[in-house]
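Try each task before reading its solution.

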Amino acid sequence: MASLKGKVALVTGASDGIGKEISLALAGKGANVVLVARRKELLEQIAADIKGRGGNALPFAADITLQADRQRAVDATVKAYGRIDYLVNNAGIFDEKPLEKVSAEEIDRMLDLNLRAPLQLTRLALSYLLKSKGVVLNVSSLSSINAYANEEVYVTTKAGINGFTQSLRNSYGKQGLAVYALLPGSVDTPLIRKYLEAHRVENEKWLKMPLEEYYTKILTPADVAAKGIEMLEKRPAEPKNGLVIMKSYEF
Ligand SMILES: NC(=O)c1ccc[n+]([C@@H]2O[C@H](COP(=O)([O-])OP(=O)(O)OC[C@H]3O[C@@H](n4cnc5c(N)ncnc54)[C@H](OP(=O)(O)O)[C@@H]3O)[C@@H](O)[C@H]2O)c1
(Lines give C-alpha, C1' and ligand atoms only; values in the text may rest on other atoms or scores of the structure.)
Protein backbone atom coordinates (compact mmCIF):
# COMPACT_ATOMS: atom_id res chain seq x y z
CA MET A 1 0.00 0.00 0.00
CA ALA A 2 1.43 3.39 -1.04
CA SER A 3 1.87 6.01 1.65
CA LEU A 4 0.42 9.42 0.82
CA LYS A 5 2.84 11.19 3.17
CA GLY A 6 4.73 13.95 1.37
CA LYS A 7 2.88 13.33 -1.90
CA VAL A 8 1.46 16.30 -3.82
CA ALA A 9 -2.18 16.46 -4.88
CA LEU A 10 -3.98 19.03 -7.01
CA VAL A 11 -7.72 18.88 -6.26
CA THR A 12 -10.31 20.82 -8.29
CA GLY A 13 -13.59 21.85 -6.71
CA ALA A 14 -11.86 21.81 -3.33
CA SER A 15 -13.97 24.56 -1.75
CA ASP A 16 -17.04 22.42 -1.04
CA GLY A 17 -18.74 19.03 -1.21
CA ILE A 18 -16.77 16.01 -2.39
CA GLY A 19 -13.63 17.95 -3.35
CA LYS A 20 -13.36 19.53 0.09
CA GLU A 21 -13.71 16.14 1.77
CA ILE A 22 -11.14 14.51 -0.54
CA SER A 23 -8.74 17.40 0.23
CA LEU A 24 -9.18 17.00 4.00
CA ALA A 25 -8.70 13.24 3.72
CA LEU A 26 -5.55 13.63 1.60
CA ALA A 27 -4.10 16.17 4.04
CA GLY A 28 -5.01 13.89 6.95
CA LYS A 29 -2.84 11.21 5.31
CA GLY A 30 0.11 13.60 5.10
CA ALA A 31 -0.20 14.74 1.47
CA ASN A 32 0.43 18.36 0.41
CA VAL A 33 -2.81 19.54 -1.17
CA VAL A 34 -3.32 22.33 -3.67
CA LEU A 35 -6.92 23.44 -3.21
CA VAL A 36 -8.38 24.77 -6.47
CA ALA A 37 -11.79 26.44 -6.88
CA ARG A 38 -13.13 29.97 -7.42
CA ARG A 39 -14.18 30.91 -3.86
CA LYS A 40 -10.91 32.10 -2.34
CA GLU A 41 -12.21 32.66 1.20
CA LEU A 42 -13.50 29.10 1.47
CA LEU A 43 -10.20 27.71 0.19
CA GLU A 44 -8.30 29.83 2.71
CA GLN A 45 -10.49 28.55 5.56
CA ILE A 46 -9.95 24.93 4.50
CA ALA A 47 -6.19 25.49 4.17
CA ALA A 48 -6.13 27.06 7.66
CA ASP A 49 -8.09 24.11 9.02
CA ILE A 50 -5.62 21.67 7.44
CA LYS A 51 -2.63 23.64 8.76
CA GLY A 52 -4.26 23.76 12.22
CA ARG A 53 -4.25 19.97 12.20
CA GLY A 54 -0.56 19.87 11.27
CA GLY A 55 -1.11 19.34 7.53
CA ASN A 56 -0.02 21.22 4.46
CA ALA A 57 -2.24 22.95 1.90
CA LEU A 58 -2.04 25.73 -0.65
CA PRO A 59 -5.29 27.57 -1.44
CA PHE A 60 -5.33 28.51 -5.11
CA ALA A 61 -8.26 30.50 -6.50
CA ALA A 62 -8.88 29.64 -10.15
CA ASP A 63 -11.70 29.18 -12.63
CA ILE A 64 -10.72 25.93 -14.28
CA THR A 65 -12.86 26.61 -17.33
CA LEU A 66 -10.14 29.13 -18.27
CA GLN A 67 -6.97 27.79 -19.89
CA ALA A 68 -4.80 30.49 -18.28
CA ASP A 69 -6.13 29.56 -14.82
CA ARG A 70 -5.52 25.86 -15.44
CA GLN A 71 -1.93 26.61 -16.41
CA ARG A 72 -1.53 28.87 -13.35
CA ALA A 73 -2.81 26.10 -11.07
CA VAL A 74 -0.35 23.54 -12.45
CA ASP A 75 2.53 26.03 -12.34
CA ALA A 76 1.70 27.05 -8.75
CA THR A 77 1.65 23.40 -7.66
CA VAL A 78 5.05 22.69 -9.18
CA LYS A 79 6.49 25.96 -7.86
CA ALA A 80 5.27 25.23 -4.31
CA TYR A 81 6.05 21.52 -4.08
CA GLY A 82 8.23 20.59 -7.08
CA ARG A 83 6.05 17.71 -8.28
CA ILE A 84 2.51 16.41 -8.86
CA ASP A 85 1.57 12.92 -7.71
CA TYR A 86 -2.22 13.08 -7.80
CA LEU A 87 -4.63 15.03 -9.98
CA VAL A 88 -8.20 14.91 -8.69
CA ASN A 89 -10.54 16.16 -11.42
CA ASN A 90 -13.59 16.73 -9.25
CA ALA A 91 -15.15 20.16 -9.97
CA GLY A 92 -18.46 19.82 -11.73
CA ILE A 93 -21.99 21.16 -12.09
CA PHE A 94 -25.27 19.32 -12.45
CA ASP A 95 -28.66 20.15 -13.85
CA GLU A 96 -31.69 18.16 -14.85
CA LYS A 97 -33.78 19.50 -17.70
CA PRO A 98 -35.12 18.04 -20.92
CA LEU A 99 -32.88 19.01 -23.82
CA GLU A 100 -35.53 21.23 -25.40
CA LYS A 101 -35.38 23.48 -22.29
CA VAL A 102 -31.59 23.70 -22.12
CA SER A 103 -29.98 26.81 -23.60
CA ALA A 104 -26.94 26.70 -25.87
CA GLU A 105 -24.99 28.58 -23.17
CA GLU A 106 -25.94 26.02 -20.50
CA ILE A 107 -24.64 23.20 -22.70
CA ASP A 108 -21.35 25.01 -23.21
CA ARG A 109 -21.01 25.81 -19.50
CA MET A 110 -21.45 22.19 -18.49
CA LEU A 111 -19.17 20.84 -21.22
CA ASP A 112 -16.53 23.44 -20.33
CA LEU A 113 -16.40 22.53 -16.64
CA ASN A 114 -17.31 18.84 -16.52
CA LEU A 115 -15.50 17.64 -19.63
CA ARG A 116 -13.08 20.11 -21.23
CA ALA A 117 -11.49 21.24 -17.96
CA PRO A 118 -10.45 17.74 -16.77
CA LEU A 119 -9.05 16.89 -20.22
CA GLN A 120 -7.06 20.10 -20.49
CA LEU A 121 -5.85 20.04 -16.90
CA THR A 122 -4.69 16.45 -17.22
CA ARG A 123 -2.85 17.37 -20.42
CA LEU A 124 -1.06 20.18 -18.58
CA ALA A 125 -0.17 18.01 -15.56
CA LEU A 126 0.67 14.85 -17.51
CA SER A 127 4.46 15.17 -17.72
CA TYR A 128 4.62 15.62 -13.92
CA LEU A 129 2.22 12.74 -13.30
CA LEU A 130 4.26 10.46 -15.55
CA LYS A 131 7.46 11.46 -13.79
CA SER A 132 5.98 10.64 -10.38
CA LYS A 133 4.11 7.55 -11.68
CA GLY A 134 1.10 9.19 -10.13
CA VAL A 135 -2.67 8.83 -10.24
CA VAL A 136 -5.45 10.66 -12.05
CA LEU A 137 -8.69 10.39 -10.09
CA ASN A 138 -11.71 11.63 -12.02
CA VAL A 139 -15.05 12.19 -10.32
CA SER A 140 -17.68 10.92 -12.75
CA SER A 141 -21.19 9.86 -11.77
CA LEU A 142 -23.49 6.86 -11.76
CA SER A 143 -25.64 8.93 -14.14
CA SER A 144 -23.01 8.26 -16.80
CA ILE A 145 -24.08 4.63 -17.06
CA ASN A 146 -27.66 4.81 -15.78
CA ALA A 147 -28.35 7.65 -18.24
CA TYR A 148 -31.35 9.03 -16.37
CA ALA A 149 -33.98 10.92 -18.37
CA ASN A 150 -33.61 14.69 -18.71
CA GLU A 151 -29.90 14.60 -17.98
CA GLU A 152 -28.66 14.50 -21.57
CA VAL A 153 -25.99 17.14 -21.11
CA TYR A 154 -24.75 15.93 -17.70
CA VAL A 155 -24.75 12.29 -18.83
CA THR A 156 -22.81 13.25 -21.96
CA THR A 157 -20.11 14.98 -19.91
CA LYS A 158 -19.77 12.13 -17.42
CA ALA A 159 -19.86 9.39 -20.08
CA GLY A 160 -17.09 11.40 -21.75
CA ILE A 161 -15.11 11.33 -18.50
CA ASN A 162 -15.50 7.55 -18.36
CA GLY A 163 -14.14 7.21 -21.90
CA PHE A 164 -11.31 9.60 -21.08
CA THR A 165 -10.47 7.57 -17.97
CA GLN A 166 -10.30 4.31 -19.88
CA SER A 167 -8.30 5.67 -22.81
CA LEU A 168 -5.80 7.47 -20.55
CA ARG A 169 -5.41 4.26 -18.58
CA ASN A 170 -4.78 2.28 -21.76
CA SER A 171 -2.31 4.88 -23.07
CA TYR A 172 -0.19 5.44 -19.97
CA GLY A 173 -0.82 2.51 -17.62
CA LYS A 174 2.34 0.76 -18.86
CA GLN A 175 4.35 3.87 -17.91
CA GLY A 176 3.12 3.60 -14.33
CA LEU A 177 0.22 6.08 -14.40
CA ALA A 178 -2.89 4.83 -12.58
CA VAL A 179 -6.24 6.25 -13.68
CA TYR A 180 -9.63 5.83 -12.04
CA ALA A 181 -13.07 7.40 -12.18
CA LEU A 182 -15.44 7.30 -9.23
CA LEU A 183 -19.06 6.83 -10.27
CA PRO A 184 -21.14 7.74 -7.20
CA GLY A 185 -24.91 7.80 -7.04
CA SER A 186 -26.44 10.69 -5.07
CA VAL A 187 -24.12 12.31 -2.54
CA ASP A 188 -25.23 14.76 0.15
CA THR A 189 -23.49 17.94 -1.04
CA PRO A 190 -24.60 21.51 -1.84
CA LEU A 191 -24.93 20.40 -5.50
CA ILE A 192 -27.69 17.86 -4.84
CA ARG A 193 -29.40 19.93 -2.11
CA LYS A 194 -29.64 23.00 -4.34
CA TYR A 195 -31.18 20.95 -7.11
CA LEU A 196 -33.64 18.99 -4.93
CA GLU A 197 -34.71 21.98 -2.82
CA ALA A 198 -35.51 24.09 -5.88
CA HIS A 199 -38.45 21.73 -6.51
CA ARG A 200 -39.02 20.40 -2.99
CA VAL A 201 -42.69 19.47 -3.35
CA GLU A 202 -42.31 17.47 -6.58
CA ASN A 203 -39.11 15.82 -5.38
CA GLU A 204 -40.56 14.75 -2.02
CA LYS A 205 -43.53 13.28 -3.83
CA TRP A 206 -41.29 11.40 -6.24
CA LEU A 207 -38.86 10.22 -3.54
CA LYS A 208 -41.82 9.37 -1.25
CA MET A 209 -40.07 10.97 1.75
CA PRO A 210 -39.05 14.38 3.13
CA LEU A 211 -35.76 15.57 1.67
CA GLU A 212 -34.19 15.59 5.16
CA GLU A 213 -34.84 11.85 5.38
CA TYR A 214 -33.46 11.29 1.88
CA TYR A 215 -30.22 13.07 2.82
CA THR A 216 -29.66 10.55 5.62
CA LYS A 217 -29.92 7.64 3.16
CA ILE A 218 -27.55 8.73 0.40
CA LEU A 219 -23.74 8.69 0.20
CA THR A 220 -21.78 11.30 2.15
CA PRO A 221 -18.81 13.24 0.76
CA ALA A 222 -16.72 11.31 3.31
CA ASP A 223 -17.81 7.99 1.72
CA VAL A 224 -16.61 9.20 -1.67
CA ALA A 225 -13.38 10.60 -0.22
CA ALA A 226 -12.66 7.27 1.51
CA LYS A 227 -13.09 5.40 -1.78
CA GLY A 228 -10.83 7.89 -3.55
CA ILE A 229 -8.11 7.53 -0.91
CA GLU A 230 -8.41 3.75 -1.18
CA MET A 231 -7.70 3.99 -4.92
CA LEU A 232 -4.63 6.19 -4.33
CA GLU A 233 -3.23 3.98 -1.59
CA LYS A 234 -3.93 0.57 -3.08
CA ARG A 235 -3.86 1.38 -6.82
CA PRO A 236 -5.89 -1.76 -7.46
CA ALA A 237 -5.80 -3.45 -10.88
CA GLU A 238 -9.55 -3.98 -10.61
CA PRO A 239 -11.87 -2.78 -11.96
CA LYS A 240 -9.97 -3.31 -15.21
CA ASN A 241 -11.59 -0.32 -16.90
CA GLY A 242 -10.87 1.96 -13.90
CA LEU A 243 -14.54 2.83 -13.39
CA VAL A 244 -15.43 2.48 -9.70
CA ILE A 245 -19.18 2.24 -9.18
CA MET A 246 -20.54 3.57 -5.86
CA LYS A 247 -24.23 2.86 -5.41
CA SER A 248 -26.24 5.23 -3.26
CA TYR A 249 -29.91 5.09 -2.26
CA GLU A 250 -31.24 4.56 -5.78
CA PHE A 251 -34.77 5.48 -6.61
N1 LIG B 1 -23.50 15.36 -5.27
C2 LIG B 1 -23.84 14.31 -5.99
O3 LIG B 1 -24.93 13.72 -5.84
C4 LIG B 1 -22.90 13.80 -7.06
C5 LIG B 1 -23.12 12.50 -7.56
C6 LIG B 1 -22.27 12.01 -8.52
C7 LIG B 1 -21.21 12.77 -8.99
N8 LIG B 1 -21.02 14.03 -8.49
C9 LIG B 1 -19.88 14.79 -9.04
O10 LIG B 1 -19.03 15.14 -7.99
C11 LIG B 1 -18.30 16.31 -8.30
C12 LIG B 1 -18.35 17.27 -7.13
O13 LIG B 1 -19.71 17.59 -6.90
P14 LIG B 1 -20.27 18.08 -5.50
O15 LIG B 1 -21.55 17.38 -5.31
O16 LIG B 1 -19.22 18.02 -4.46
O17 LIG B 1 -20.60 19.60 -5.91
P18 LIG B 1 -20.53 20.97 -5.08
O19 LIG B 1 -20.73 20.71 -3.64
O20 LIG B 1 -21.43 21.91 -5.80
O21 LIG B 1 -19.02 21.42 -5.33
C22 LIG B 1 -18.58 21.74 -6.62
C23 LIG B 1 -17.17 22.28 -6.54
O24 LIG B 1 -16.76 22.66 -7.86
C25 LIG B 1 -16.20 23.97 -7.78
N26 LIG B 1 -16.33 24.67 -9.07
C27 LIG B 1 -17.49 24.97 -9.72
N28 LIG B 1 -17.21 25.67 -10.83
C29 LIG B 1 -15.85 25.80 -10.88
C30 LIG B 1 -14.96 26.45 -11.77
N31 LIG B 1 -15.39 27.06 -12.87
N32 LIG B 1 -13.63 26.40 -11.50
C33 LIG B 1 -13.17 25.79 -10.39
N34 LIG B 1 -13.97 25.15 -9.51
C35 LIG B 1 -15.29 25.16 -9.76
C36 LIG B 1 -16.98 24.65 -6.66
O37 LIG B 1 -16.23 25.70 -6.10
P38 LIG B 1 -16.36 27.25 -6.42
O39 LIG B 1 -17.82 27.57 -6.52
O40 LIG B 1 -15.67 27.87 -5.24
O41 LIG B 1 -15.60 27.47 -7.70
C42 LIG B 1 -17.07 23.51 -5.66
O43 LIG B 1 -15.89 23.43 -4.89
C44 LIG B 1 -18.93 16.86 -9.58
O45 LIG B 1 -18.11 16.53 -10.69
C46 LIG B 1 -20.27 16.13 -9.66
O47 LIG B 1 -20.71 15.99 -10.98
C48 LIG B 1 -21.84 14.56 -7.54
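This is a predicted model: local features need pLDDT of at least 70, side-chain atom pairs count only at pLDDT 80 or more; totals for chains, interfaces and linings use all residues.

Residues are numbered from 1 along each chain as its sequence is written.

**Exercise 1.** Describe the shell around the ligand.

Solution. Start with the count: 29 residues surround the ligand (C-beta atom, placed from the backbone, within 6 Å of it). The closest are Gly13, Gly17, Arg38, Arg39 and Gly92. Next, the elements: helix H1 (17-28) and helix H7 (190-198) each give two or more residues (helices are DSSP runs of H or I, at least four residues, numbered from the N terminus). Last, the domains: domain 1 (8-184 + 221-246) and domain 2 (187-218) each supply at least three residues (bounds come from an automatic or database domain assignment).

**Exercise 2.** How many residues of each domain are in contact with the other domain?

Solution. Eight residues of domain 1 contact five of domain 2 (C-beta atoms, placed from the backbone, within 7 Å). On the domain 1 side, H1 and helix H10 (221-234) give two or more residues each. The domain centres, taken over C-alpha atoms, are 25 Å apart.

**Exercise 3.** Classify the packing of H4 (residues 104-132) and H6 (residues 152-172).

Solution. Take the angle: about 15°, with the axes 9 Å apart (axes are lines fitted to C-alpha atoms over the stretch in contact, and angles run from 0 to 180 degrees between N-to-C directions). So H4 is roughly parallel to H6 (angles under 35 degrees). Now name partners: H4 residues including Ile107 and Met110 meet H6 residues including Val153 and Tyr154.

Definitions and conventions:
Two residues are in contact if their C-beta atoms, placed from the backbone, lie within 7 Å. Angles under 35 degrees count as roughly parallel, over 145 as roughly antiparallel, 65 to 115 as roughly perpendicular and the rest as oblique.
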